[in-house]
Amino acid sequence: MIRKDPAFLAEQRSISDESISLRAAVLRTWPHLSPEQAVSFIKSGQVAHNGVVAVKPNRRVVTPHCRLRVSFDGQEEEKPLPPPLVIALNKPVGCVTSLKSQDERTPTVYDVLGEYANAQLRAIGRLDKDTSGLLLFTTQGRWIPFLVSPFAQVPKTYRCTLRDPVSEEDLEAFRRGTVSFFDTTSRAEYTAKPALAEALTTHCVDVTLTEGRNRQVRRMWASRGNEVVKL
């Protein structure tokens, strides 16, 4: 039986009754604005919510019945609040899951998104620089815990191409939950939870996890004396 955190369940029940801050609503409706610009417009009385001027950026607004009006240099523009945006990206190798990279030469996933990137779009989880695959983005931050929280236990499948042939003992270790590795976040030895492991060829395995620690799949295989050459 899987037990989930009560606070997590309470949040899950209320997700359909979405309310967001006025600042977030303005940014979702006019994504070209910066967070600082949105706050400035609100505090200066240039934003109206359902016809009423609102000057508190953190005021909660209910999204199904929300219309916003912003005055840009004396020109008023009114729009309904758009629904949350969800984007599925096939992340390529070589870019980092971050708003900014540590060096200017390394692109980020937001560079790959191009015109779709905006200040409210957040990645759901992350893939490291050397990994490709599905990466989701959303403008609704409250959705993210329901996919990445350890209580959610959402399965994620990784296709691993390995340097050396995989053995049945390797697959059983993954399935039984006996693979241990050094976790850099907790700075301690960690034993991974049981995972599905299906060999497609002698050097290719699909691994399905319900958790996600930093470079976990690579570290799990390294602890078995193997190396992931493609993920």
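**Note on the predicted structure**

1. The largest pocket has a volume of about 1,300 Å³. On a 1 Å grid over the protein atoms alone, a pocket is an open set of points with protein on both sides within 12 Å along at least five of seven lines, whereas a cavity is a set of points where a 1.4 Å probe fits but cannot get out. Grid points are joined across faces, edges and corners, and the volume is the space filled by probe spheres set on the points. This is a predicted model, in which local features need pLDDT of at least 70 and side-chain atom pairs count only at pLDDT 80 or more, while totals for chains, interfaces and linings use all residues. Residues are numbered from 1 along each chain as its sequence is written, and side-chain values use heavy atoms, with hydrogens and water left out.

2. The lining of the largest pocket comprises 47 residues, and Gly 125, Arg 126, Leu 127, Lys 156 and Tyr 158 lie nearest its centre. A lining residue has an atom within 4 Å of a point. At least two lining residues come from each of β9, α5 (145-148), β10 (156-162) and α7. Strand β10 gives the largest share, five residues. Helices (H or I, at least four residues) and strands (E, at least two) are DSSP runs, numbered from the N terminus.

3. Gly 125 belongs to the loop between β8 (122-124) and β9. With a relative accessibility of 31%, Gly 125 is partly exposed; buried means under 20% relative accessible area, exposed over 50%, and partly exposed in between (1.4 Å probe, protein chains only). Not counting residues up to four places away in sequence, Gly 125 touches Thr 97, Leu 135 and Val 148, where contact means heavy atoms within 4.5 Å. The C-alpha atom of Gly 125 is 8.0 Å from that of Leu 147, although the two residues are 22 residues apart along the chain.

4. How many of the eight residues of helix α2 (residues 22-29) are buried? Seven of them are, and the helix is therefore mostly covered. The buried residues are Leu 22, Ala 24, Ala 25, Val 26, Leu 27, Arg 28 and Thr 29. Their cover includes β1 (19-21), α3 (35-43), β2 (47-49), β4 (60-62), β5 (67-72) and β6 (75-80).

5. The whole structure contains five aromatic pairs. Rings of Phe, Tyr and Trp (its six-membered ring) pair if their centres lie within 6.5 Å; planes under 30 degrees apart count as stacked, over 60 as edge-to-face and the rest as tilted. Tyr 110 and Phe 137 form an edge-to-face pair, 5.6 Å centre to centre and with 75 degrees between the planes. Tyr 110 lies in helix α4 (residues 109-113) and Phe 137 in strand β9 (residues 133-138), so the pair ties together parts that are 27 residues apart in sequence. Tyr 110 and Phe 137 are both buried.

6. The ring centres of Phe 174 and Trp 221 are 4.5 Å apart and their planes are at 35 degrees, so this pair is tilted. Phe 174 in helix α6 (residues 168-176) and Trp 221 in helix α7 (residues 216-223) are 47 residues apart, and the pair links distant parts of the chain. Phe 174 and Trp 221 are both buried.

7. A disulfide is a pair of cysteine sulfur atoms within 2.5 Å, and the structure holds zero disulfides. Cys 160 is in no disulfide, as the nearest cysteine sulfur, that of Cys 204, is 7.6 Å away. Cys 95 is buried at 1% relative accessibility, and Cys 160 is buried at 0%.

8. Most residues other than glycine have a negative phi. Asp 73, in the loop between β5 and β6, has a positive phi near 50 degrees. Its relative accessible area is 80%, so Asp 73 is exposed. Arg 187 has a positive phi of about 55 degrees and lies in the loop between β11 (180-183) and β12 (188-191). Arg 187 also counts as exposed, at 68% relative accessibility.
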